[in-house]
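Please keep the sequence and the structure in view while reading.

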Amino acid sequence: MVTLAEVAQHAGVSASTVSYVLSGKRSISAGTRQRVERSIQELGYHPNAGARALASSRSNIIALMVPLRTDMYVPVMMEIAIAVATNARTHGYDVLLLTGEEGPDAVRRVTGSGLADAMILMDVELDDERLPLLRETDQPSVLIGLPAVTTGLTCVDLDFGATGALCAEHLALLGHRDIAVIGEAPAVYERHTGFAERTLDGLRSRSRELGLRVLHRPCEGGYDAMALTLARILDERPGTTGFVVQNESAVEPLLALLRQKGRAVPEDVSVIAICPDQVATQASVRLTSVAIPAQEMGRHAVEHLIAKLEGHGKDEVVLIAPELTVRASTGPAPAAP
């Protein structure tokens, strides 16, 4: 491994000069700086991260807390995580991924150990147990998600309330009056995960204004669970003609089961999905959908965190407006028999 002293010898300068070039703590002439940088490149020198952290009191690491639960659609979570890592790297930061369900203990571990300079938290619950600790610490943080109370926090999220309302409006304009919401697994609602609760609240509120009847049924996803859920919906509300699906693993089973029951999409029933574009466009019927803006969420979160690290960030809530793309799965409600 190339040492700082070897770089100094190669460039014909002192070791302290090389250190100043790397840290930027002192002004170095352009010619000397170029000579040192050329030696660094030719020798392939990489500063020791630990030593650099000790010198600057910075680790240049962002901790990203992503509890990978089995009841969540992991590809979406990882797409957001990749967006965070990619954008962080452009600012000179690496990302430490924490995937366990440690809750407040993970926050204590990061803030108490100096593992990272800042934190981004995902899978945010309405009354998230991690939030009191975040409010007590001076360490910068951003949430990708929206809790019930946002005071003293910076939050970035899709506007899931508006997303639910948008789905209701689209189906109402097409003449549908009975709507079923196929939601996430029951555990997601039991722990009051923000995005699921807010979608449902927005859809129900707008549906009341538009005179729609709404039935919400959580679903574990997969064919067998979807078969039971759909049978229950059609038994309770046989006149259901509109479906809103907020559960990626339930999308294809739902479409298959509707075909089996002789209900054509979109002639007999319409289906809207809240999901990544890839899921919507690769389904057996191209789905009308509201996309999850993973790249935009990751980018906003990093930008706000960097602003805090640089001393000019402020606490605020950034809600990304939903966009509904109409495809082949929605159409006018069938005429009453």
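Is Asp 123 buried or exposed? The model is a predicted one, in which local features need pLDDT of at least 70 and side-chain atom pairs count only at pLDDT 80 or more, while totals for chains, interfaces and linings use all residues. Residues are numbered from 1 along each chain as its sequence is written, and side-chain values use heavy atoms, with hydrogens and water left out.

Asp 123 is buried, with a relative accessible area of 7%; buried means under 20% relative accessible area, exposed over 50%, and partly exposed in between, for a 1.4 Å probe and protein chains only. This residue lies in the loop between strand E3 (118-121) and helix H7 (131-136). Here helices (H or I, at least four residues) and strands (E, at least two) are DSSP runs, numbered from the N terminus. Although Asp 123 is not a glycine, its phi is positive, at about 55°. His 192, likewise not a glycine, has a positive phi of about 55°. It is located in the loop between helix H9 (186-190) and helix H10 (194-210), and with 40% relative accessibility it counts as partly exposed. A further backbone feature is the cis peptide bond from Val 265 to Pro 266, with omega near 10°. Pro 266 belongs to the loop between helix H12 (248-260) and strand E9 (270-274). As background, most residues other than glycine have a negative phi, and most peptide bonds are trans.

The discussion now turns to the sheet. Six strands form an open sheet in the order E2-E1-E3-E4-E5-E11, with parallel pairing; two strands pair if DSSP finds at least two bridges between them. Strand E2 (94-98) and strand E11 (317-320) are the edge strands, each pairing on one side only. Within the sheet, E3 and E4 pair in the parallel sense over 3 bridges, and Met 119 stands opposite Ser 141 in E4. From strand E4 (residues 141-144), Ser 141 and Leu 143 point one way and Val 142 and Ile 144 the other way, all of them buried. E4 also pairs in the parallel sense with strand E5 (residues 155-158), over 2 bridges, where Ile 144 stands opposite Val 156.

Helix H6 (residues 104-113) packs on this sheet and touches strand E1 (61-65), E2 and E3, contact meaning heavy atoms within 4.5 Å. The direction of H6 makes about 175° with that of E1; axes are lines fitted to C-alpha atoms, for helices over the stretch in contact, and angles run from 0 to 180 degrees between N-to-C directions. H14 packs on the sheet as well, touching E1, E3, E4, E5 and E11, and its direction makes about 165° with that of E4.

Val 107 is placed in helix H6 and counts as buried, at 1% relative accessibility. Not counting residues up to four places away in sequence, Val 107 touches Met 65, Met 119, Arg 130, Leu 133 and Leu 134. Val 107 and Met 65 are 42 residues apart in sequence, and their C-alpha atoms are 8.8 Å apart in space.

Finally, the axes of helix H5 (residues 74-90) and helix H14 (residues 294-309) come within 8 Å and cross at roughly 45°. That makes H5 oblique to H14, since angles under 35 degrees count as roughly parallel, over 145 as roughly antiparallel, 65 to 115 as roughly perpendicular and the rest as oblique.
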